[in-house]
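Visitor: Can you walk me through this one? I'd like to start with the terms.

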Amino acid sequence: MVALTIFAIGLLGLAYLQVALIRQNSGAQYMAQASLAANQMLGNIWAAGRSNVGDFNGMNTCTNNLPGTGNAAAVAAAWSTLVANTLPQGCGSVQFYTPNGTATAGTSVTLPAIATISVQWGTPMGGQHQLNVSTEILLP
């Protein structure tokens, strides 16, 4: 009887570890997808060129604040769909900052500037996660 009790406790411990492992693996998968999405947006910003980089400033898919026209609008819509489809309750935003850390407003961004891409997603338990990726944009 004692041996069965000890064996049952051991099995319960293994079951708990399995659940914890699955939860951690899921979190790592979402973090990787968020990182990929943020880096994809950085690539889109760099590809837009100096004259169009500011079109992405202030973009926020969480509040549906997307660029209205041009290439940036199409890129933002595609990125919004990607983030929403790959992450639970996923959304993202782009904000440019001056090199001294002041947020810029509007589409007039003076380069060099710091681009910060934030990707947020929800967890099954109701929590929220956020990944921020920042880089300095220097375009010729």
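Guide: Buried means under 20% relative accessible area, exposed means over 50%, and partly exposed lies in between (1.4 Å probe, protein chains only). The model is predicted: local features need pLDDT of at least 70, side-chain atom pairs count only at pLDDT 80 or more, and totals for chains, interfaces and linings use all residues. Residues are numbered from 1 along each chain as its sequence is written, and side-chain values use heavy atoms, with hydrogens and water left out.

Visitor: OK. Is Cys62 buried, exposed or partly exposed?

Guide: Cys62 has 39% relative accessibility, so it counts as partly exposed.

Visitor: And which residue does Cys62 form a disulfide with?

Guide: Cys91, with the sulfur atoms 2.0 Å apart; a disulfide here is a pair of cysteine sulfur atoms within 2.5 Å. The two are 29 residues apart, Cys62 in the loop between H1 and H2 and Cys91 in strand E1. Helices (H or I, at least four residues) and strands (E, at least two) are DSSP runs, numbered from the N terminus. Cys91 is at 12% relative accessibility and therefore counts as buried.

Visitor: Which hand does that disulfide have, right or left?

Guide: The torsion about the S-S bond is about 85°, so the disulfide is right-handed.

Visitor: Switching to the sheet. What's the strand order?

Guide: E1-E2-E3, an open sheet with antiparallel pairing. Two strands pair if DSSP finds at least two bridges between them. E1 and E3 are the edge strands.

Visitor: How many bridges join E2 to E3?

Guide: There are 10. Gln120 stands opposite Gln130 in E3.
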